[in-house]
Amino acid sequence: MQKKGIIIVIASLSVILALVVLKSFNKDAFLLDAKRAHTKSLEQTHILTLPQFKEKLQQMPNVTVIDLRSTKAFEHGHFSQAVNIPLAAILQYPEFHVFKDSTLVLVSNSLIESTQAWMLMTQMGYKNLFLFDGSLDLLSAETLSDSTEHIGSEVLKYKFQADSTINLE
Amino acid sequence: MNPYLAGCLLGSVLLAAMYFSGRGLGASGGVKYAVVSVVGAVAPEHAEKSVYYSSYFNGEKKPLQNWLVFEILGVLAGGFISGAFSGRLKLKIEHSPKISAKKRLLFAFLGGLFFVYGAQLARGCTSGAALSGMAVLSTAGFVTMVAIFGSAYLFAWFFRKNWI
Amino acid sequence: MNARVLISIWLVGMGLILALLPNNQTTMGQLKPSELVEKMKQNDGLISVDQLARLLVNEDSTILLIDLRSPDEYKECNIPGSVNIPYAKLMDKEFGGYLEQNEMKRIFYSNSEIISTQAWVLVAEMDYKNTFILQGGMNSWYQTVMNGRFEGERITARENALFETRMKARNLFIETNSLPDSIRFQFKIAKQKNRKKLDGGCG
Amino acid sequence: MGPLFILSDAPLWVDLLTAFLIGIAFGFALEQAGFSSSRKLAGMFYGYDTTVLKVFFTAAIFALVGSLFLQYFGLIDLNLVYVNEYYVGAAIVGGIIMGAGFIMGGFCPGTGICAVGIGKIDALFFLFGGFVGAFLFAESFPYIAEFASGYYKGPTKINEWMGISAGLFTLFLIIIAVAMFWLTEKAEKAFPKPEITNEL
C-alpha cells in the first residue's frame, strides 16, 4: 500500500514535469500572447519612416534588413545588408533564429506583409525589430533618394471639407 | 477513506465543475432557490413587489431551473449511494450523550438558520465561497474561509457541551 | 511514510513546478506560429477601397466597419457606418462583442495599413474568421473615392458603374460627416459586449 | 477547451444534467470523507478529529493546481471561470455568522444535505433551519441591502492583489497547508477523544 502510494506520487510528478519541459521546448509556440503583443505594438517605436530608416542604416552598419518580397523581386535589386525571407517561408528559413539578438528591419512591397511579419516575430520573442513604413517599389532599392519628404503613413494626409473640395495639406 | 485521498476526490469533482460549467461547487444557493420558488408560488404578489425576489422572476428561466438546484439533488443522491455503499444508511439523531436529542435538533435548526443567513450575506457557503473561492484564488474566498473558521473556533468554547 | 508525508511531497512538488512555470500562459484559442503563417499566406483578409464603397452604396448589412483611430480623428471624419474602437483599447473586455464572433464581416481601417494589420493579426490568432483589412486605409479612401478623378474615357459599363459607386460613396461620406455632431454620433457609440454574465457562487 | 459549456453554448439541459452528475460525485466524495457525521465535522474545532481541515485544503489545492496546469497546457480559459465577487463587509460578517452556525449545527449546507441522504434526522432539521434562514434573509434584505452590497471590490484574485504570480501564491498556500496538516496530526494526538472517534 505504501509502496504503491510512493510510486503514484513520483510517477505523477515526473509526468507533469516531463509535459512542462516538453512544452517549453516546443518551437512552434508563441512566447508572447496576443495581449502582450498588443501592448508592445502600442509603443509605435517599431515603425521607421524613411528618414529614420536611413538614420538607422547609417548609425548601425550591422543592421540586418529582412526583405520579405519574393525571391524574383529580391534578385532584381536589394539592400546590401538584406536577407531575403519571403513571408510564406519565414518559419522554414534555416537560420531564422540566428537573428534573435541582432537589430532587424523588415521591408516589403506591402505594408500589410511587413506588419504581419512584425507581429509574428514579436510574439516569437524577437526584440530589436523594426518595420519600414513604406514600399520598396517607390524606392530605388540600392540608393535611397534624399528628396522624398516622408511622414508616417498612419497620418491622415487629407482634411475633410464639407463643400467637397478637398485639398492636400 | 483516507482524508487526503477523499480530498483529492473532492478536488477532482471541483475541477470537473470548473472545466465543464466554468463554476465552482455550491450548496446554500440551492436552498435559496427552493425558498424563492416556494415564495413565488405561495405569495406571487409579495414576490413581485420585493426587490429581492423579483430579480429571480424576471428572467426566462424559472428559479428551480438552476445549476445549483440540480447539483444539490445530486448531492442528496450521491450521499445516499455512498451510504448504501459503506453500509451507513440509518435513520438516527446523532448527538453527544451530554445533551438530549431534542436539544440537538433545536441547535441543528438554529445552526442551519445562521449558516444559510450568513451564506446569503457572504454570497457563498463553505463550498461556494471558501472551497471554490480558494480554488480560483478569489480574495473573497480566502476572506470568507478565514472568517468562517476563525469565528467557529471562537464560538467553539461556548458550545463545547454539545460535542464533547 | 504515511499518507500525510506522501501528500505533502506531492503537493510541494506540484507547487514547485507551478511556481517555476513562466508567467506567460498563452491565451485561449491562440494559433501556433505555423498556423498563423498559413492564415497570412491565404491572403484573403484584404478589401479594397472600391469594394468597401460598393458595400456601402448597396447598404450591405453584414459588415462591421471598425475605425481603429483615435477618438479625435474619428470625430473629424469617418467612413459612414463605422464604430470607433481606438487601437489602444482593442483588447479591452468591453469591446469583446465586436471581436469574438464569426458571423459579421469585420473590416478594420486606420489611416494606413499598419494599425489595421496589427488588429487583424490579433483577431486572426484568436481564430476568429471574417476579418478584413481596408487596403490603404483612410488615406487611400481619400485618394481614390474623394479625390479620384476618373482618368480616360468612360466607355464600358463597368467603368461607368465604378465611377458611379465612387460618386455615391463620396456623397454619402460628405453628407454624413457634414451633419452636426449631435446627430452624427447619436447611434454610433460602440456597444458594450453583451456576452452572458458568468454565473456561479452559491449566494 | 474548457469551460466546455460556456464556450459551446450547450443547451440548458446538458448543463443541468452535468450539474446533477457533478452533484452525485460531490455528495459521494463528502460522504466517503465522513462529512455526513456532525460530530466528526465539529471535531475539528476541538482537535479530536481534523478530517475536515485535511479534506478541505487538499481539495481546494488539488483543484487549484489542476486548473493552473490545465491553463498552462491551453485546455481551460480561467478568465471564463467564475471568480467570487468580493464585498468586504458582507464577506467578513457573513463568514462570522456562518462560523457560529457551523459550531451550533455541526454541518455546513453541503455536508448537511449529504447527511440527509443517509438518513440523519438532525441534518434534516439543519436543512429546515436553512430554509428559514434563506427566507429571513430575503425578507430582511431591504434593510441590510446597503451593507450587503457595499464595499464592493469586484471579482479580485488574491495573487493579483499581492502582486505575485498564481503559481508562486499556490506554492505558499501549499507550504501553509502542509504545515497545517502536520499541526493537525499533532492536535489529534494531543486532544484525543477515543470515546467519540471510535464510535464514528
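Tutor: Helix axes are lines fitted to C-alpha atoms, over the stretch in contact, and their angles run from 0 to 180 degrees between N-to-C directions. The model here is predicted: local features need pLDDT of at least 70, side-chain atom pairs count only at pLDDT 80 or more, and totals for chains, interfaces and linings use all residues. Residues are numbered from 1 along each chain as its sequence is written, chains are lettered from A and ligands numbered from 1 in the order in which they are written, and side-chain values use heavy atoms, leaving out hydrogens and water.

Student: At what angle do the axes of α1(C) and α4(D) cross?

Tutor: Two packed helices are described by the angle between their axes and the distance between the axes. Helices are DSSP runs of H or I with at least four residues, strands are runs of E with at least two, and both are numbered from the N terminus. The axes of α1 (residues 3-20) of chain C and α4(D) cross at roughly 35° and come within 11 Å. Their crossing is left-handed, a term for a near helix turned anticlockwise from the far one by less than a right angle, with clockwise giving right-handed.

Student: Which residues make the contact of α1(C) and α4(D)?

Tutor: Contact means heavy atoms within 4.5 Å. From α1(C) the residues include Trp10(C) and Met14(C), and from α4(D) they include Ile61(D) and Phe69(D). The residues of this contact divide into 11 nonpolar, one polar and no charged. Here Ala, Val, Leu, Ile, Met, Phe, Trp, Tyr, Cys and Pro count as nonpolar, Asp, Glu, Lys and Arg as charged, and the others, Gly among them, as polar.

Student: Which chains have the most contacts between them?

Tutor: Among the five pairs of chains that touch, chains B and D have the most contacts. Chains A and B have no contact, and their closest C-alpha atoms lie 11 Å apart.

Student: How many aromatic pairs are there over all chains?

Tutor: Rings of Phe, Tyr and Trp (its six-membered ring) pair if their centres lie within 6.5 Å; planes under 30 degrees apart count as stacked, over 60 as edge-to-face and the rest as tilted. A search of the whole structure gives 32 such pairs. One of them is the tilted pair of Phe149(B) and Phe45(D), with 6.4 Å centre to centre and 35° between the planes. This pair crosses between chains, from α8 (residues 139-156) of chain B to α3 (residues 38-46) of chain D. Phe149(B) also forms an edge-to-face pair with Phe56(D), at 5.5 Å and 85°. That pair likewise crosses between chains, with Phe56(D) in α4 (residues 51-72) of chain D. Ring pairs link these residues into a cluster that includes Tyr153(B) and Phe126(D).

Student: Is Phe149(B) buried or exposed?

Tutor: Buried means under 20% relative accessible area, exposed over 50%, and partly exposed in between (1.4 Å probe, protein chains only). Phe149(B) counts as buried because its relative accessible area is 8%. Phe56(D) is buried too, at 8% relative accessibility.

Student: What is the phi of Leu137(B)?

Tutor: Most residues other than glycine have a negative phi. Phi of Leu137(B) is near 60°, a positive value. Leu137(B) lies in the loop between α7 (126-135) and α8 of chain B, and counts as buried because its relative accessibility is 3%. Asn43(C) also has a phi near 60°. Asn43(C) is in the loop between α2 (33-42) and β1 (46-47) of chain C, and counts as exposed because its relative accessibility is 52%.
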